[in-house]
Amino acid sequence: IGTIGSPTHSVVDIHTHMYPPAYVQLLESRNSIPLIRKFAGAKEPRLIILPAEAESLDKMTGSPETSHLPGRPVTTHYSSLKQKLHFMDTHKIDISVISLANPWLDFVAPEDAGETAKSINQEFSNMCAEAPGRLFFFATLPLTAPPETLLAAVGHVRSLKSCRGVILGTSGLGRGLDDPALVPVLRALAANRLTVFLHPHYGLPSEVWGPRATEEYGHVLPLALGFPMETTIAVARMYLAGVFDQVPDLRMLLAHSGGTLPFLAGRIESCVVHDGHLVREGKVGAGRRTVWQVLREQVYLDAVVYSEVGLKAAVDASGADRLMFGTDHPFFPPLGGDEQGEWESVTWNAEAVRKALGDGTDGARAVMGGNAVEVLRLREDS
Ligand code: URA
Ligand code: ZN
């Protein structure tokens, strides 16, 4: 990677997932996505979570070739802590802030969600305790549970020593993140200094990918474009609803460098200012905070964008002091290569940081870890 970790210049990975064993069992018990299923002839069970993958699952007849199985293999990289630490060592990552991967507990029945969240968060807490100082986590909320259970969960996770925030999808309580009913939850998170790591899962409706996508284009369109657009839309809706003003202490870390927000913020601004409806409603008055301000005041961006061009836009929009390195492990393993060795998906992101901010500069060190240490209080015990 080039950037060698040291006590003062730690490398921190803030975008790195795990499916702990209890969650794997939960997915194994299911018949519709998200699920984990074994296929005859395939060594590893398959993780099938994306709507695009559900379509290929439906189309499957008989026992297909291993190369055409839906989803992806569940390797030890998904649930083994030892494997996570090996991955960190291989890439000279000093500290990881681990999170449950999508779709979290979005599908869990309301009456089970509270207890499931509690045990998963406890499992994350226990994992962190096995590597003190090297592991922290973003907790998971029981979003389908009744409001009092959900608020109690915020209280629970804030008491867990290594918890520094929560990972959140874009569905919120089912109506998105501009839902007024979500504001008390965001307020509770902000009051407890829990950063919200916003992560996509649902992408865009599969029609937009056209009839050829499932057969011919793999997961490229939903992952490369659907995921970032989903994040962009979710945050734009929050902005338009005034959520950032209603919860001024809210701090959000956006996956994949904010989707396309840094690139499109100017267009969002222009569309706001030129919208007759918004102007008539008095929503474009002098006190309005611009998208640019929100990006610089309440938003952090990860550096999981794989190129200097995207990263520079992120730096320009939010500032080099608000960007944080991530890997998205265990996703995007080297195919055909050695999964125990260096991952290209990681080196691309590290390389982008060096190119965008300069090799060995203060800015590069901040993005590789310094910012995360400060913002997420990783030198503090709790
Ligand atoms: N695919 C996913 O489903 N999640 C990720 O975080 C990355 C890729
Ligand atoms: Zn991810």
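Helices here are DSSP runs of H or I with at least four residues, numbered from the N terminus. The model shown in these views is predicted.

**View 1. Helix α14 and its surroundings.** Helix α14 spans residues 308-318. Its buried residues are G310, L311, A313, A314, V315, A317 and S318. Three helices are among their packing partners: α11 (261-273), α13 (291-297) and α15. Strands β10 (299-302) and β11 (323-324) also pack against these buried residues. G319 follows α14. The phi of G319 is positive, near 100 degrees.

View 2. On the domain 1 side, 13 residues make contact with ten residues of domain 2. Helix α5 (residues 110-129) gives the largest share of that domain 1 side, three residues.

**View 3. The largest nonpolar core.** This core has 106 residues. F137, V166, A303, M324, V353 and V367 have the most contacts inside it. Helix α15 (residues 344-357) supplies its largest share, six residues.

**View 4. F137 and C163.** F137 has the most contacts inside the largest nonpolar core, together with V166, A303, M324, V353 and V367. Leaving aside residues up to four places away in sequence, F137 touches V97, I98, S99, F124, C128, S162 and C163. C163 sits in strand β7 (residues 163-168). Is C163 buried or exposed? C163 has 22 other C-beta atoms within 10 Å, and 20 or more count as buried, so C163 is buried. G218 is 55 residues from C163 along the chain, and their C-alpha atoms are separated by 35 Å.

**View 5. Strand β1 beside β5.** Strand β1 covers residues 12-18. Seven of its seven residues are buried. Five bridges join β1 to strand β5 (residues 95-100). The two strands run parallel. H17 stands opposite S99 of β5. S99 is also one of the residues that F137 touches.

**View 6. A three-stranded open sheet.** The strand order is β2-β3-β4, and the pairing is antiparallel. Strands β2 (35-37) and β4 (72-73) are the edges, each pairing on one side only. Strand β3 (residues 46-48) is joined to β4 by two bridges. P73 in β4 is the bridge partner of R46. In general, strands of a sheet pair through backbone hydrogen bonds.

**View 7. Helices α6 and α7 side by side.** Two packed helices are described by the angle and the distance between their axes. The axes of α6 (residues 147-158) and α7 (residues 183-191) come within 10 Å. How do the two helices run relative to each other? Their axes cross at roughly 10 degrees, and angles under 35 degrees count as roughly parallel. Helices α6 and α7 are therefore roughly parallel to each other. From α6, the contact uses L150, L151 and V154. From α7, it uses V185, A188 and L189.

Technical notes:
Residues are numbered from 1 along each chain as its sequence is written. Chains are lettered from A and ligands numbered from 1 in the order in which they are written. This is a predicted model: local features need pLDDT of at least 70, side-chain atom pairs count only at pLDDT 80 or more; totals for chains, interfaces and linings use all residues. Two strands pair if DSSP finds at least two bridges between them. A nonpolar core is a set of buried Ala, Val, Leu, Ile, Met, Phe, Trp, Tyr and Cys residues joined through C-beta atoms within 7 Å. A residue is buried if 20 or more other C-beta atoms lie within 10 Å of its own, exposed if 12 or fewer, and partly exposed in between; C-beta atoms are placed from the backbone. Two residues are in contact if their C-beta atoms, placed from the backbone, lie within 7 Å. Axes are lines fitted to C-alpha atoms, for helices over the stretch in contact, and angles run from 0 to 180 degrees between N-to-C directions. Angles under 35 degrees count as roughly parallel, over 145 as roughly antiparallel, 65 to 115 as roughly perpendicular and the rest as oblique.
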